[in-house]
Amino acid sequence: MHDFRQVDVFSSARLRGNPVAVVHDAGEVDDATMQTFARWTNLSETTFLLPPTDPAADYRLRIFTPFAELPFAGHPTIGSAHAWLEAGGVPARDDRVVQECAAGLVMLRRGGRLAFSAPPLVRSGPVADADVAAVVDAIGLDPADVLEAAWVDNGPGWMGLLVRDADLVLSLEPDFSRLHEDVGVVGLREDGDTACEVRAFCPAGSGITEDPVTGSLNAGLAQWLAGRVLPAAYVAAQGTAIGRAGRVHVEVVGEDIWVGGDAQTVVRGTVSLP
């Protein structure tokens with residue numbers, strides 16, 4: 001039996017963020033069982049907490065979608081750190097938690113809310129015109145409404161599109177069967193408590209077609225746009241179009257970009273894995 005938590009991430013409104021399933025003390029769980037359980041939970045991500053192999057880390061994390069393991073993902077990072085601390089985990093430093101995952105070491109800042117330091121992009125720079133055109137067509141955009149496009153991939157594979165405004169982002173109705181890239185769309189908002197609206201679209205067959213609130217995407221978008229198109233500190237809204245109330249808090253501090261959000265445990269218990 002393993003302790004188990006399901007944590008709602010990136011919203012202060014209960015059940016309005018993005019849930020992640022977290023299995024504790026999973027050092028003896030094999031890869032096939034991890035993938036089978038992640039498929040069974042049917043959440044965008046399920047994570048497994050293990051002892052670290054790097055002496056600089058407080059714990060090791062493995063992250064699975066229903067179909068594959070990911071090297072890094074944002075809301076699972078915050079949700080799993082929350083679960084680890086809540087279960088009595090004691091970090092080596094009072095103000096920091098260090099997570100080991102397939103993408104390397106990820107630093108989390110403690111305080112009013114957990115925030116992770118955006119990991120380096122594994123793919124960046126301009127997107128080929130043909131690739132932009134295919135995505136624009138699939139998600140129902142007018143090409144004239146796309147202001148900029150760039151790869152903002154820190155593991156999951158994101159293409160970023162900056163479009164005319166937040167209202168346009170909310171109006172999109174993608175044809176997921178024609179989408180062949182994971183794409184994040186961002187539009188600026190002129191007033192209110194958030195600086196922009198974000199949506200994350202994934203191809204049909206990927207397990208989830210629109211991710212409610214996406215830490216990895218927002219980290220990549222911040223590395224691309226913060227301090228240039230967006231302020232150096234801002235709050236992004238995500239999930240509005242699908243009934244969520246996601247809020248992602250971004251702050252540039254020196255060379256670091258911190259991506260944070262609220263987290264609260266909704267389900268707590270034990271799970272029996274074969």
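Biologist: How many salt bridges does a search of the whole structure find?

Modeller: The search turns up 15 salt bridges. Keep in mind that this is a predicted model.

Biologist: Thanks! Which residue does glutamate 251 meet in a salt bridge?

Modeller: Glutamate 251 pairs with arginine 109, at 3.2 Å from N to O. Glutamate 251 sits in strand E16 (residues 246-253) and arginine 109 in strand E7 (residues 104-109), so the bridge ties together parts that are 142 residues apart in sequence.

Biologist: And is glutamate 251 buried or partly exposed?

Modeller: Partly exposed, with a relative accessible area of 33%. Arginine 109 is partly exposed too, and its value is 23%.

Biologist: OK, next one. What does arginine 164 form a salt bridge with?

Modeller: One partner is aspartate 145, with the closest N and O atoms 3.0 Å apart. Arginine 164 lies in the loop between strand E11 (159-163) and helix H4 (166-171), while aspartate 145 lies in the loop between helix H3 (129-139) and strand E10 (146-153), so this pair links parts that are 19 residues apart in sequence. Arginine 164 also forms a salt bridge with aspartate 165, again with the closest N and O atoms 3.0 Å apart.

Biologist: What else is aspartate 145 in contact with, leaving aside its neighbours within four places in sequence?

Modeller: Beyond those neighbours, aspartate 145 is in contact with Leu162, Val163, Arg164 and Leu168. The side chains of aspartate 145 and arginine 164 are also joined by a polar contact of 3.0 Å.

Biologist: Which residues are linked in a network of salt bridges?

Modeller: Arg5, Glu86 and Arg268 are linked that way.

Biologist: Let's switch to H3. Which residues are buried there?

Modeller: In H3, the buried ones are Val132, Val135, Val136, Ala138 and Ile139. Those residues cover an arc of only 165° around the axis, which puts them on the same side of H3.

Biologist: Why would residues three or four places apart point the same way?

Modeller: An α-helix has 3.6 residues a turn, so residues at that spacing point the same way.

Biologist: Nice. What is exposed on the other side of H3?

Modeller: Asp129 and Ala130 are exposed there.

Biologist: And what do the buried residues of H3 pack against?

Modeller: They pack against E10, E11, strand E12 (183-188) and strand E13 (196-201). Just after H3, glycine 140 takes a positive phi of about 80°.

Biologist: Tell me about isoleucine 139. Which residues does isoleucine 139 touch, not counting those up to four places away in sequence?

Modeller: Isoleucine 139 touches Leu161, Leu172, Glu173, Pro174, Leu179, Val183, Val185 and Phe201. At 0% relative accessibility, isoleucine 139 counts as buried.

Biologist: Where does valine 248 lie relative to isoleucine 139?

Modeller: Their C-alpha atoms are separated by 23 Å, and the two residues are 109 residues apart along the chain.

Biologist: Changing topic: how much space lies in the largest pocket?

Modeller: About 300 Å³.

Biologist: How many residues line the largest pocket, and which lie nearest its centre?

Modeller: The lining has 22 residues, and Glu45, Thr65, Leu70, Asp182 and Cys202 lie nearest the centre.

Biologist: Which helices each supply at least two residues of that lining?

Modeller: Helix H2 (74-86) and helix H5 (215-225) each do. H2 gives the most to the lining, with three residues.

Biologist: Why is H5 described as largely enclosed by the rest of the structure?

Modeller: Ten of the eleven residues of H5 are buried, so H5 is largely enclosed by the rest of the structure. Among the buried ones are Leu217, Leu221, Trp224 and Leu225.

How values were computed. Residues numbered from 1 in each chain as written. Predicted model: local features only at pLDDT ≥ 70, side-chain atom pairs only at ≥ 80, totals over all residues. Heavy atoms only, no water. Salt bridge = Lys/Arg side-chain N within 4 Å of Asp/Glu carboxyl O. Helix = DSSP H or I, 4+ residues; strand = E, 2+ residues; numbered from the N terminus. Buried < 20%, exposed > 50% of the residue type's maximum accessible area, 1.4 Å probe, protein only. Polar contact = N/O pair within 3.5 Å; in protein donor to acceptor, adjacent residues only side chain to side chain. Contact = heavy atoms within 4.5 Å. Arc of directions from axis to C-beta. 1 Å grid on protein atoms, 1.4 Å probe; cavity = no way out; pocket = protein on both sides within 12 Å on 5 of 7 lines; lining within 4 Å. Points joined across faces, edges and corners; volume = space filled by probe spheres on them.
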